[in-house]
Amino acid sequence: MRYNSYFRTIALLLGIALAFLACKKEAKEDLSDISIFLPSNFPAPYYNLSANPITPEGFALGRKLFYDPILSRDSSIACADCHISYSAFSHPDHGVSHGIEGLLGRRNAPAVQNLIWQKAYFWDGGVPEMDFIAINPIENPVEMDESPANVVKKLKRHPEYPALFRAAFPGRDTIDGPQMLMAFSQFMGALVSANSRYDHYVRKEAGGTLTAEELAGLETFKVKCSACHSTDLFTDNSYRNNGLLSTFTNDLGRFEISTIQEDIGKFKVPSLRNVELTSPYMHHGKIKTLEAAVEHYNSGVKDSPTLDPLLKQNGQLGIPLSTSEKQNLVAFLKTLTDQTFIRDTRFQKPE
Amino acid sequence: MKNFIFKTLFAFSAFALTLTACKKEDEGLSGTQSVIIEMDNRAGDDELVFGKNYKTANGDTVNFSLFNYYVSNFVLVKSDGSEYTVPKDECYFLVKHEDAASREIELKGIPAGDYKAVRFIIGVDSLKSIAPAGERTGVLDPTGAGAGMYWSWNAGYIFVKVEGTSPQAPINAGAGERIFQYHTGLFGGKDSPTLNNLKTVNLSTGSELIEVRSNHEASTVHTYVNILEMFTSPTNINVATNPLSHAGAFSKTVANNYADMFTLDHVHNHN
């Protein structure tokens, strides 16, 4: 009896110690091999990686910033609140994003992935360099509503950040905005999604089998969709009007950047990677399901002066799709889901 | 005899040559010196003072509260037509009217010589406008010394930023006041075009040269910057109908107007 309780106490103590060790081990995450995955089925990246080479410290700093509400005026909202890892860093179930004080934006938060291959960012392509993405949501009055200069001040006063900046950018005497932006790029640039079943299929790797339905969908896609959703990034980086509206008033798209009349209603062709996870769809977030997004091309295309000519051939609006073609397309689009990407703990909130 | 004359002449000219060479040394014609471009902000014939009323060409009364601009990519043209380009990493300046020190632009390390013109860009050139974050330090850091001179949603620098009030301007819903705002930027876009409002300014010194000497104090190029030029030539701006201009099509009119707001008043050399 006495022995028994003695053993129990020891076992309990051991258990606690082990749990403690386990916790400690988890906290001590190893990022030493962090690198940017350049898949063989992608073209060469646009971003100049050599101007800002990724390091474990820079990546970890960028990630901490991405998950830290300190970037918003009242410390209420982080980048990661609108860009959630399990939905490929999009904002699931939010037509338009909800920012500081619950204020509504006017656009849907897209996935944050494969940024180094993009020529410009945001639906209108208003920011052509990855390094300068973060300033936009920080300053946006309905997102974080904070001045980037003030963010830098807050980071300087913070108990942890100064040491993290010194580790990431050795030799600089003080924290500054360019370092913050470079850290952001190191983290966001590493968010590469290229391990979907489709990728394994095109790279002829293990796990790369597609069903007959998916293969048929791929064939339809090549014929009917890939003019705009081209290459294995599934975008040609251009701005187009795919017929969502017949008049554009609330959001003029690329025109707001270029002031060219022909750009009214044109938006950046989005990548379709992880599209199964990024509902709702389109710049306005008004299309809720993949089926409805595909159906849009078949029966929902609206005419307007800037409608893309590919969606009005021989005077006929849209892209005719049979029921089976639509099913196959949806099945194919789901092969672009990358579980490795959304489960990669290195990309998730650090402890 | 002939020989002797030649020899003497030769010796003499050699002497003279060394003398001029020495004189050149003495006159500081080797080495470098700074040149100061003094930006004297004005409103017509008057000194620009914030809070004072001025009249535009259109007849509007304007009262300024902010006048900031980037000038960059300075080139100095020698009297023989050859050019000296200020190195890239030292050629960006942000002038803020309320910061007197920023109105004195020091171009450092200019090779000694006589210069007849200064050329520069109003704004930040397109290459720098798309450079990586690590190359946007100092006044080009939108989170630091360049704060307020950058558009985050149509990424790029605001080249010229003018704000104020005018009784002719309509009441602005946001501000609750009769304000005007002319924020002009746009460098032409990276892969897809936007407006290009970059303007090159050419200031000729006329008969007086900028005499850069390593053994004299820096010469000063006294430049008038007439803010009222932004409201006229080629197009008169009517504050009532166009009180605000940002990244829209109207910014082209504003930029075309301010392109000639810089004039060279005089050069001040020290000897």
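Me: Which residues lie nearest the centre of the largest cavity?
Reply: A:Gly125, A:Pro128, A:Arg254, B:Lys190 and B:Ser192. They belong to a lining of 19 residues. Bear in mind that this is a predicted model.

Me: How much space lies in that largest cavity?
Reply: About 160 Å³.

Me: And how many cavities of 30 Å³ or more does a search of the whole structure find?
Reply: The search finds 1.

Me: How does the lining of the largest cavity divide, by residue class?
Reply: It has 7 nonpolar, 8 polar and 4 charged residues.

Me: Switching to the chains. How many residues are in contact between chain B and chain A?
Reply: On chain B, 26 residues. They touch 25 residues of chain A.

Me: What area do chain B and chain A bury between them?
Reply: About 2,100 Å². Carbon and sulfur atoms account for 60% of that area.

Me: Which three residues supply more of chain B's buried area than any other three?
Reply: B:Ala133, B:Thr143 and B:Ser152. Together they supply 28% of the area that chain B buries against chain A.

Me: How many salt bridges are there between chain B and chain A?
Reply: The count is 1.

Me: Which side chains meet in that salt bridge?
Reply: A:Glu129 and B:Arg136. The N to O distance is 3.1 Å.

Me: New topic. Which domains is chain B divided into?
Reply: Domain 1 covers 1-29 and domain 2 covers 31-268.

Me: How many Å apart are their C-alpha centres?
Reply: The centres of domain 1 and domain 2 of chain B lie 49 Å apart.

Me: How many residues are in contact between domain 1 and domain 2 of chain B?
Reply: 4 residues of domain 1 touch 7 residues of domain 2. The two domains bury about 370 Å² between them. Of that area, 46% is on carbon and sulfur atoms.

Me: How many salt bridges or polar contacts are there between those domains of chain B?
Reply: Salt bridges come to 0. Polar contact is found for 1 residue pair, both at pLDDT 80 or more.

Me: What classes make up the side of domain 1 of chain B that touches domain 2?
Reply: That side divides into 1 nonpolar, 1 polar and 2 charged residues.

Definitions and conventions:
Residues are numbered from 1 along each chain as its sequence is written. Chains are lettered from A and ligands numbered from 1 in the order in which they are written. This is a predicted model: local features need pLDDT of at least 70, side-chain atom pairs count only at pLDDT 80 or more; totals for chains, interfaces and linings use all residues. Side-chain values use heavy atoms; hydrogens and water are left out. Contact means heavy atoms within 4.5 Å. Buried area is the accessible area (1.4 Å probe) that two parts lose on being put together, summed over both. A salt bridge is a side-chain nitrogen of Lys or Arg within 4 Å of a carboxyl oxygen of Asp or Glu. Domain bounds come from an automatic or database domain assignment. A polar contact is a pair of N or O atoms within 3.5 Å; within protein, one must be able to donate a hydrogen and the other to accept it, and residues adjacent in sequence count only if both atoms are side-chain atoms. Ala, Val, Leu, Ile, Met, Phe, Trp, Tyr, Cys and Pro count as nonpolar, Asp, Glu, Lys and Arg as charged, and the others, Gly among them, as polar. On a 1 Å grid over the protein atoms alone, a cavity is a set of points where a 1.4 Å probe fits but cannot get out, and a pocket is an open set with protein on both sides within 12 Å along at least five of seven lines; lining residues have an atom within 4 Å of a point. Grid points are joined across faces, edges and corners, and a volume is the space filled by probe spheres set on the points.
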